[in-house]
Amino acid sequence: MSMIEAAACPRILVVDDEAHLRELLEITLIKMGLDVDSAETLALARAHLSKRSYALVLTDMRLPDGSGMELVQEVSALYKNTPIAVITAFGSADNAVVALKAGAFDYVSKPVALDQLRKLVRSALQTNEVQKVQLATPEKLNVPASSFMIGQSQGMQEVRAQISRLARSMAPVIITGESGSGKELAAREIHTSSARADKPFIAVNCGAIPETLMEAEFFGYRKGAFTGAADDREGFFQAANGGTLMLDEVADLPLPMQVKLLRAIQERRVRKVGATVEEAVDVRIISATHQNLAICVEEGRFRQDLYYRLNVIELHLPPLRERLEDIVELSRNILKKLTGNDVDMSVEAIDALISYDFPGNVRELENILERAVAFANDGCIEVSDLALRGTRKSPELPVVQPVPTAVISNHGQAVVDAPPVIVQDVFAAPGLPCSLPDYLESVEREMIRRALQQTRNNRTQAAELLGVSFRQLRYQIQKLKIQE
C-alpha cells in the first residue's frame, strides 16, 4: 500500500478472542471507511504491529495468551505515535483506570455501544492528524504562538512537554498547584492541543455553586422538575459534549454530588433532573484543586473511588516563586494584554518584582501590574507604582521586653542578678492585644476586605485569592459582618 493510500484509508488493529465481537467491530470500522486487521491473541497482534503502522489499536483486556495490559505497555513504549484503546468488561472501571495510567488512549465497556466506539475512533484519528501537524512544524515546539503557558524556566518547559503528551490521550487529568498558578490556563492548553480543540471547553468552579443546585447545573433538568423549572435546560455535561469539562476546585464538591459525578464519569451517561432515561455524553474530564486530595480522602471529605477516577494523570504547576526567571516575559505579556501596547518598566521595578515572593502567584502579578498601569507616569512603571508590601506573612506578635535582671523583691528590696521575671500580665504588655480572638478576627476581617477590594467585590475571585472555598468566604463575611 502506498503512503497516499495509507493516509487516505487509516488502518485499525482489533485484538479480541471473541469471534462474534471481533466481527462486529470489523464491520463497524469498515462501514466507517477504515481498513481493519484482526488478531485473537497477543502473539498475532505483535506480529501485525511489527509489519505495519496503525492509526489505532483496539484490544480486549483478557486474551488467551496474556493480558491486554501487556499490549498497552508495549505499544506505549515501542509505538509512541500509535494510540491504543482497551475494551473492558462491564463494571470493571478499575481496569480502565489502570490501562489509562499505563498509557491507553481511551476505553469502551462491554457490551460495546457502537456510537461510543465511533466517537473513540474519530478522536484517535483526529489526534493522529494533530500530531502530524505538530511534527511538521518543529520550530514551534518550544512555545507555540497560541500557548497559554508563558515562560522559559525549566519548570514551565516540563509543564508544556507534559501537556503535549496529555493532549494525545483522553485520560482524566488532575491539575494541582497553588491558587493563582494558572490551572485553568493549563486545562485550556490541554484542550486546544487535543483533537477536541474545535469542541466546547467548559470550566466550572465547584465551590461557587450552591449545593441544592449542583445536580441541575451539572446534568440539566426537565421542564417542571422543580419550582422555577419553566423550560428544559442542558447541564454542564451536555454543554461540554464532545469537548472538555474542567472541574475547578473539585475538592469543594459535597459528598452526595461526588457519588453522582462518579457514576457520570464511569458510565459516560447522565440523567437530567426530572427525566426517566439517561443520555450518553462524550466528555473529557480535567479537574483542578489547590488542596491535597489525598489528605481530603483521609479526612473523609472526598471519596476514594472518585479520587482514583480523577487522578489518572497528575499535572503539577510550579508556583511563581520557583520560576522567577519567567517574570520579565510574563510581565511583558500581561502588560500587552492590559494596554494593547508595550509598556516600559524601570530596572528597579523589575528587580523589585523578582525579589517579591508572590504568595498569590501569576494572578497576583496580574493584579499588581494592572494597578501599576493605572498609577504609572509617562508610560513607565516605577517601583512606587507597584505598591509592593514585601512578602506577605502572618501577623507577628510584638516581642515582649523582659524585665531587667535587677527586680524588686517581695519586701521592697532590690535583688540583683535574679532570674528574669515578667511581673505584669502578658495581655497588658505594650503592643499586645487585650483579646487574642478579637485581634485575629480583626486581621481576618482586614484580609477579606483587601481581597474583596482587589477583586472589585467578586467573591469567587476573592475566595481563590485567599485560598478558601466560596462557601467558607461567604460564611466568614456573614460572621464578621463585613460590609461590601
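So, strand 10 and strand 13, the latter covering residues 284–289, run parallel and are joined by 5 bridges. If you want a spot to look at, find Asp248: its bridge partner in strand 13 is Ala288. Keep in mind that this is a predicted model.

Strand 10 also pairs with strand 9, residues 201–205, again in the parallel sense and over 5 bridges. There, Phe201 stands opposite Thr244 of strand 10.

Now, how many residues of strand 10 are buried? It's 5 of the 5, residues 244–248, so the strand is largely enclosed by the rest of the structure. Both faces are covered, with Thr244, Met246 and Asp248 buried on one side, and Leu245 and Leu247 buried on the other.

Okay, let's move to helix 20, residues 470–479. Phe470, Leu473, Gln476 and Ile477 are buried there. They span an arc of only 130° around the axis, which means they sit on the same side of helix 20. Over on the other side, Tyr475 and Gln478 are exposed. After the helix comes Lys481, and its phi is positive, near 55°.

Last stop, Asp16. You'll find Asp16 in the loop between strand 1 (11–15) and helix 2 (19–31). Which side chain of opposite charge is nearest to Asp16? That's Lys110, 4.3 Å away; a salt bridge needs to be within 4 Å, so Asp16 is buried with no salt bridge. What the Asp16 side chain does reach is the backbone nitrogen of Glu18, at 2.8 Å.

Conventions
Residues numbered from 1 in each chain as written. Predicted model: local features only at pLDDT ≥ 70, side-chain atom pairs only at ≥ 80, totals over all residues. Heavy atoms only, no water. Helix = DSSP H or I, 4+ residues; strand = E, 2+ residues; numbered from the N terminus. Buried < 20%, exposed > 50% of the residue type's maximum accessible area, 1.4 Å probe, protein only. Lys, Arg positive; Asp, Glu negative; His and termini not counted. Polar contact = N/O pair within 3.5 Å; in protein donor to acceptor, adjacent residues only side chain to side chain. Arc of directions from axis to C-beta. Pairing = 2+ DSSP bridges.
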